[in-house]
Amino acid sequence: MKVLYTAVATATGGRQGHAQSEDGSFSAKLARPVEIGGPGGGTNPEELFACGYAACFASTLDHLAKLRKIELGEVKVKAWVSLGVGPDGKYGLQARLQAALPDLPRDKAEELLSATHNTCPYSAAIRGNVEVEVSLAP
């Protein structure tokens, strides 16, 4: 792979700590969510992953639309990333992405979503390891 960009970030203290990008453009207090016994009051790895996945998916969607000369209008992708425990007792993730493409006919939008899921670097990175559902917003 020819590397185009490398992000560098450091996390200290795990889920009850702090994360920051090396260039200083991002800094966040980390806190275990209330839903899993924490105090809340900060972000967590699942929220960070959801933000990154939604942004990457939206960017890939926009890129593929431009290549196909499709006018999308505003691209909006919402991501849910869930932490859970499998039957084997191991922790794992599930993801759900929902794209709002109101300016496209449904069949064209679904085809573009499928192509995007096959192309997005985040989707490729977790393929076969994380269950992902991709859908159009109602």
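Mentor: The secondary structure comes to 3 helices and 6 strands; these are DSSP runs, with helices being H or I of at least four residues and strands E of at least two, numbered from the N terminus. From the N terminus on, the order is β-β-β-α-β-β-α-α-β. The model is predicted, so local features need pLDDT of at least 70 and side-chain atom pairs pLDDT 80 or more, while totals for chains, interfaces and linings use all residues. Residues are numbered from 1 along each chain as its sequence is written, and side-chain values use heavy atoms, without hydrogens and water.

Now the patch. Ile36, Leu83, Val85, Tyr91 and Leu93 make a nonpolar surface patch of about 480 Å². Strand 4 (76-85) and strand 5 (91-100) are the elements that give two or more residues to the nonpolar patch. Nonpolar side chains (Val, Leu, Ile, Met, Phe, Trp, Tyr) are joined within 5 Å, like charges within 9 Å. Areas come from the Shrake-Rupley method with a 1.4 Å probe; for residues, only the protein chains shown count as cover.

Take Leu83, in strand 4. Leu83 counts as partly exposed because its relative accessibility is 34%; buried means under 20%, exposed over 50%, partly exposed in between.

Then the whole chain. Buried residues make up 34% of its 138 residues. The chain exposes about 9,100 Å², and carbon and sulfur atoms supply 54% of that. Its C-alpha trace spans about 45 × 40 × 30 Å along the principal axes.

Technical notes. Patches are made of residues with over 30% relative accessible area and no salt bridge: like charges are joined within 9 Å, nonpolar side chains (Val, Leu, Ile, Met, Phe, Trp, Tyr) within 5 Å. A salt bridge is a side-chain nitrogen of Lys or Arg within 4 Å of a carboxyl oxygen of Asp or Glu. Buried means under 20% relative accessible area, exposed over 50%, partly exposed in between (1.4 Å probe, protein chains only).
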